[in-house]
Amino acid sequence: MSFAKRKFSKGQGNAVFYIHNLNSDKLTWYGDTKTVLGIKESDLSSKDKYLEFLSKSDKKTYEANINSHAEEVSFEYKITVKDHELMIKEHAIRETSDGEDFLHGMIAVQNETKLKAGKGKYNLSSKNILAGEYDGALLESLSKCFTEGHDKKYNYLLLLVSIDNLPMIISWHGEYIANKVMEDLSRKIKAALPDSAIFHRIENEQFAIILKNPIISEVEQITTEVSRIVSLYKNHNLEDTVHLRLSIGSVHFPLGVKDAYDAINKAFLGLTHAKGKTYEFYCDFEDARREHIDAQNEMTQLHYLQEAYNGNRLVLAYQPIVSAKDGSVQYYECLLRINNGNGRYDSAGRFIPIAEKMGTVEAIDEYVLRKVVEELKISKNVKLCLNISNLTTGSENWLKLCSQILKDTDISRRISMEITETAANKDLRKTAYFTATMQNLGCTVALDDFGVGYTSFRQLRSLSVDTVKIDGSYILGLEENKENLIFIRSLVDFNKSYGLKTVAECVETGEVAKKLIEMGVDLMQGYYFGAPKVSKPWETAKVA
């Protein structure tokens, strides 16, 4: 029995999707496991964790099906969560991608049994509250479309429309009002569709729409109109105002889709992704699939960075920043590199946004800071600069750490911390506080990438940084762009009037360096003066 067959059988409750990496035993869930199963997602991160909720006999059933080599499996079992026993129907499809085996599946709760304390008897209660079309009407329509699509080369689009907060409506206003709302929505949405569209009321909170040979503009028009109907919903026959929230998932078929059940599965996956979005309400299956692949790639890259961190393979590369007056090295910027074990060093810069997203970037920043302090204790005449993540600048833990390890002013006065213009735009007050705290410890602070964001000269003044670095996009091709010349001159003049130093990065030719010197920049950085090196260039170069 497929996902959709279970999903549309009578008495069947809510469902969640999963992707199981059979090589790493990692379970990734799509849907609210806490609401559907009563189990937090963190407690279901692997097959072994999931098996803890099964009885010994049911574990054998589960293992036999999961470990079989069948392309597609369907089976039933029970799980126990606190004082409830849930009857589960599971369906999974086996796939191989990039040399790894995966199970793509759906777990559906058929019914819930409350275990009476001290007794071996059960109370059976259905989890469904509002009746929809569980009789297979949608499956029948989809099957006819599949036949016609293959025979006549038609293209169809299945839209699953979900009223996400219907359980809240039921809780606040009662089942009678909720059912009236859904019936009214059914009429209004159906009236807004083209005559050729097929409409079904399904599940508790969902509608299904099938469009024949839709073009992009038509889909946009229909989804926008459905969104308008739901978001502006008003029923004059109801005393209470009802606010609704929707999500829409879709899939094109029959091309690339096996059958009617598979169409529902894929549209449901798009719907699940749409529910997870903050500013969008619509997601097609192909977009959801790409997002999942992107998420997997991000996790792979994060794993690579974490392995380098745990394996002590993170190292610093040093690039000189020189005086525009005499070309002497003033200090070095520390750039994070990963020793790949083959005598090469990869830039860690592309991993930092992922580390920020996953919440591990502060540990990376701490690692770099400790390495810098360690080096400055050895090299007494060297000044170093390190980059700080936008997230770290707002961290109280980071400020406490700096207060602890930068007590020696001989060390702190030789440290410059670079923050990005994005950090200033995100929270000017917090960034100003970070700047003042670091300066109070003896460090200097540089604002990096200036010019790519929206920081005004007035905001720049209020930040009270020591140095401003012009974003490299203004330096590259400088001689061909008069607007860049005007911007740089204005920034240099502004900085000088307030006692700030200006750094030009990405300087790659002598001609550009000469032009920058003429405009009055204080410091320059780029491959013209030296590439980043993991060796210590100050051991052979003269430091000012």
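Tutor: The structure holds 20 aromatic pairs, where a pair means Phe, Tyr or Trp rings (six-membered ring for Trp) with centres within 6.5 Å. This is a predicted model: local features need pLDDT of at least 70, side-chain atom pairs need 80 or more, and totals for chains, interfaces and linings use all residues. Residues are numbered from 1 along each chain as its sequence is written, and side-chain values use heavy atoms, without hydrogens and water.

Student: What makes Tyr 50 and Tyr 77 an edge-to-face pair?

Tutor: Their centres are 6.2 Å apart and their planes sit at 85°; planes over 60 degrees apart count as edge-to-face, under 30 as stacked and the rest as tilted. Both Tyr 50 and Tyr 77 are buried.

Student: Why is the pair of Tyr 156 and Phe 253 called stacked?

Tutor: Their planes are at 20° with centres 5.5 Å apart, so the pair is stacked.

Student: How do you know that Tyr 156 counts as buried?

Tutor: Tyr 156 has 2% relative accessibility, so it counts as buried; the cut-off is under 20% relative accessible area, with exposed over 50% and partly exposed in between (1.4 Å probe, protein chains only). Phe 253, at 0%, counts as buried too.

Student: Why is helix H7 called roughly antiparallel to H8?

Tutor: The axes of H7 (residues 175-191) and H8 (residues 216-231) come within 10 Å and cross at roughly 150°. That makes H7 roughly antiparallel to H8, since angles over 145 degrees count as roughly antiparallel, under 35 as roughly parallel, 65 to 115 as roughly perpendicular and the rest as oblique.

Note on methods
Axes fitted to C-alpha atoms, helices over the stretch in contact; angles between N-to-C directions. Helix = DSSP H or I, 4+ residues; strand = E, 2+ residues; numbered from the N terminus.
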